[in-house]
Amino acid sequence: MAREIKKVAIIGAGIMGSGIAAHLANAGVPCVLLDIVPPNLTEAEKAKREKRNAFAQGAIDNLVKAKGNIQPLMNKRFAKYITIGNLEDDLELVKDCDWVLEVVVERLDIKRNLFDKLIKVVKPGTIVSSNTSGIAIKPMTEGYPNWFQENFCVTHFFNPVRYMRLLELVPGEKTKPEVLETLAEFGEGKLGKGIVYAKDTPNFVGNRIGVMAIMGVIQGMVEDDLTFEEVDAVTGQPMAHKSPTFKTADMVGLDTIGHIITNSYAQLTNDDAREILKVPDWLQHLIDKKAFGNKTKGGIFKKEGKAKLVLDRKTLQYREVQKPKADSLKRAKNTDDPRQRIKDMVYTDDKYGRFAWKLTARGSLYAVQRIGEICDDIVNIDNAMKWGYAWDLGPFEVWDAIGVKESVARMKKEGFKVPAVVDTMLAKSEGSWYVVREGKKFYWDVKATAYKPVPAKPQYFFLDLYKSAHEPIKKNASASLINIGDGVALVEFHSKMNAIDDDIIRMLLDAVDMVETSKDWRGLVVGNQGENFSVGANLAMIMMLAMGGDFGPIEMAVRGLQQANGRLHYSNKPVVAAPFGMVLGGGCEILLGADAVCAHAELYTGLVEIGAGLIPGGGGNKEMLIRYLENIPADMKLDRFPFVQRVFEQIAMAKVSLSAYEARDMKILRTTDRIVMNRDEQITEAKKMAIGLFEGGYTPPKKPDYLILPGIPGVATFETGLYNMKMGGYVTEYETKIAKKLANVLCGGEVEPNTPVDEDRLLDLEREAFMSLVGEPKTIERMQSLLSSGKPLRN
């Protein structure tokens, strides 16, 4: 039976330890973060608490000051959940903790010295774990009391902790099952992690397969005489990996890669592939030069001014990057389905296809030989690679995608040694590692020689599996309407990047019509399980129409989105949005249109239309004004301009939340909206919200009679500020023009101050502003830049 974890202690305040503490804080779990007292303190400094806590305090300071896309804390305020201290003065703090996790240096003597101290202070039954990636459990725990060994295991997080979903659980010989059950339940439910059960072998699962995959790439590169940029062109998107090999290596750090390779060679004495685990000359050269990658502003790749350079592994000199070109690479770029992408790639008879085939064949055979050694089944291996290495497909899912029977025949023809378990699987199974039956997924268990259900909790909802057993109510090219049971329907987007288009708008309107006009329906969920909820409007379509001067369909689409969002908001049945990942522009407006939201914690949302030379056109301006002004009584004599200014800054600066909690601060989410850590639970929780609202006697939100806005004086104030910014070189002439249009909408147009402005008038103003900008040459230039490079143009 699982225990309850209410408080956690982290010992070791380095990057990993502080990252774990930050993610516990993200989940609202109080934790203690301890580290050593800094050595070489003066006698005077030793008496000062702040000096003695310097390592732990420094870690907190770094968490709070973190900038850019990698921020361990989902909200800076969450640092309040972390109590700091040092191991000499504050070890007693762990007494109140249900789980103590050590993240100290990878030295056995230091770990055992810490455990000697912990045994004296932790209460019996406290779970104690190590985040080690290379030290076996037995030498860490032998000689300690049974109660300690029974409650001890390895909990191996991946860095950066917030963003990498993988958590490997590794039991010792005496670890109680309830310890793993407790950590798995806490890790999945509270922290949003994906659990992989590993055996106590070197590198566990993710790094064992991952390191061999990296070394296989390096080996293949030399064999096929490829360049770094050629390898990365193949090992990224074409092979269903989110990030290519050497770009990832530069991100991780080449010193770290070298350390992992060296350690793996030392530990994997019985691995038949051990001999490829040697640091190549070019990598050693970069390590010696301290060119570690991104953290040193140069590694395999680097920039000099605007020039992108890459190392020539033969001459060890840098040269300009040469982008590889081939039909196989072009086809992969234009194929959305990762299964089809990799199948096309490995069966293409060019040098890149042959390289991809070699990596896939070797990787598949290596993975199947590790079953029983590093973990019990293929599911743990596949999940480790998806959650820890950001692969779209695990090795066995890839094998199914390229066809097990066909690929094995080719392997044998080319002289690969295929293990007997693969032949047995082909003889006794349905010819694939996974099968789907009646909406449930099964995997081939090599030991039992039979299919077994893939473990999944009842609250998990997998849309693809559900659809395999349930026909949609309606479907078009971009969206589907699905009955997900218990009187709740779901609108799923499935356009390219889930961009909003006419088909999605039409499906939203049809869905609201359906649930409103029948007593069979209790509510509607708008959600999907793609890579992102929605990246915004279909910009390519808008640009094409604008360039052709065909503005009628654009205006119809804008009106349609305004209408759809209004229908979602004021429907007589509850509508719950389930956003996650990127939710930009029109996608954000759909989120704003729903009456309730069940958001995944990793939510990157905002009204970013200014980057495309536009302003929000689907009701976003109106809805943000309402959210900032709704608590001010209409007859209250209060200057509204500061509140309107907040909305203006948010939209004009294209601010995007870096978490759902930041989205709440931006008022894109309301305080009543739900935030979940585990995406697999999101649709189930959104469905529960819809049912709960309905059963609670749902009444739609009341449409505000009017808003009091600043009018002409407010516009003038904005224009003065914009003039000063333009003269200071902070904004361009065209950005000033766009911002003036936005200011006019947010201030209610050309009206006197404090003139009541209703919703319909605001929608007219924003639609007029949108249409006045969409055909501008500089707007079209901005759209072209976003579509071609993904980067906004400042013109």
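Strand 10 and strand 11 (residues 318-320) pair in the antiparallel sense over three bridges; strands are DSSP runs of E with at least two residues, numbered from the N terminus, and two strands pair if DSSP finds at least two bridges between them. This is a predicted model, in which local features need pLDDT of at least 70, side-chain atom pairs count only at pLDDT 80 or more, and totals for chains, interfaces and linings use all residues. Residues are numbered from 1 along each chain as its sequence is written, and side-chain values use heavy atoms, with hydrogens and water left out.

L311 has Y318 of strand 11 as its bridge partner. Six residues lie between strand 10 and strand 11 in their hairpin, and L316 in the turn has a positive phi of about 60°.

Strand 10 (residues 307-311) also pairs with strand 9 (residues 301-304), in the antiparallel sense over four bridges. Here K302 is bridged to L309 in strand 10. The hairpin of strand 9 and strand 10 has two residues between the strands, and G305 takes a positive phi near 65°.

A pocket is an open set of points on a 1 Å grid over the protein atoms alone, where a 1.4 Å probe fits, with protein on both sides within 12 Å along at least five of seven lines; lining residues have an atom within 4 Å of a point. Of its 23 lining residues, A652, M653, L722, M725 and V731 are the closest to the centre. Helix 27 (641-652), helix 30 (711-727) and helix 31 (733-746) each supply at least two residues of this lining, helices being DSSP runs of H or I with at least four residues.
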